[in-house]
Amino acid sequence: MKIKKQLKTAGIIILAVVLMLLLGVNSWRISAPTAVLVAPLAGLVAVSMTIGLGTVSGVATALVGGLGLLLLASADWPLVLNFLVLALLVGWLIGWRIPLGQRVTQQQLIWLGIVAGISEFILNLVQAALVGALTGAGWLIFIRLALLPGVLTALLYAVLVGPLAAFWRWLGRQPEEQEGDSENSPQGSVEIDLSNKDKHKQK
């Protein structure tokens with residue numbers, strides 16, 4: 001049972017990584033004086049996995065997806081670090097994991113998405129400022145360039161993180177419900193003891 005659950009979680013993580021790669025490859029890019037800034041749009045998949053299945057699944061998605069984007073030349077190390085930090089931050093806010101049996105309302109998911117969007121906006125500006133300072137081009141120029149894409153990315157986080165998290169939770173819970181129904185349902189032949197009824201009739 002435990003192995004089946006782990007395999008199911010691994011399958012969901014693989015699906016999330018594929019979605020993360022698709023978003024990362026198609027994220028918009030900004031040409032800065034000494035670097036190219038990539039919008040951290042793919043990170044919303046890792047954040048939604050953190051809310052849906054827990055911090056371990058979210059960090060695993062961020063790490064594997066980030067390494068895949070590095071190999072595809074669609075991300076750099078600061079961007080991967082952005083994914084990991086945000087997944088850990090959101091994981092800390094939710095207490096590392098929300099049990100699948102616990103009911104999460106739509107309003108709670110909306111608020112978590114808004115918090116994730118605001119956190120990503122701040123992280124994005126900090127990352128842009130650090131890149132600008134380290135490359136010598138000036139942190140203020142990089143912040144100005146990253147401001148509008150950062151706002152758009154934060155809005156997408158706020159809108160998409162909640163529904164994606166609900167989808168991951170549904171995937172993680174659905175087979176368990178089916179297994180639970182099969183375990184609760186009677187299997188094989190059922191014997192009914194009528195001896196007591198016969199005794200009552202004889203009396």
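Select helix H2 (residues 43-53) together with helix H4 (residues 77-93), whose axes come within 9 Å and cross at roughly 25°; helices here are DSSP runs of H or I with at least four residues, numbered from the N terminus, and the axes are lines fitted to C-alpha atoms over the stretch in contact, with angles running from 0 to 180 degrees between N-to-C directions. That angle makes H2 roughly parallel to H4, a label given to angles under 35 degrees.

This is a predicted model, in which local features need pLDDT of at least 70 and side-chain atom pairs count only at pLDDT 80 or more, while totals for chains, interfaces and linings use all residues. Residues are numbered from 1 along each chain as its sequence is written, and side-chain values use heavy atoms, leaving out hydrogens and water.

Next, show the side of H2 that carries Gly 43, Val 47, Thr 50 and Ile 51, which make the contact (heavy atoms within 4.5 Å) with Phe 83, Leu 86, Ala 87, Val 90 and Gly 91 of H4.

Now centre on Ile 51, which touches Val 90, Ile 94, Ile 98, Leu 109, Leu 112, Val 161, Ala 165 and Arg 169, residues up to four places away in sequence not being counted.

Then widen the selection to the largest nonpolar core, which has 34 residues, with Leu 44, Val 47, Met 49, Ile 51, Phe 83, Tyr 157 and Trp 168 having the most contacts inside it. Such a core is a set of buried Ala, Val, Leu, Ile, Met, Phe, Trp, Tyr and Cys residues joined through side-chain atoms within 4.5 Å, buried meaning under 20% relative accessible area with a 1.4 Å probe and protein chains only. H2 gives this core its largest share, 7 residues.

Terms used:
Helices (H or I, at least four residues) and strands (E, at least two) are DSSP runs, numbered from the N terminus. Angles under 35 degrees count as roughly parallel, over 145 as roughly antiparallel, 65 to 115 as roughly perpendicular and the rest as oblique. Buried means under 20% relative accessible area, exposed over 50%, partly exposed in between (1.4 Å probe, protein chains only).
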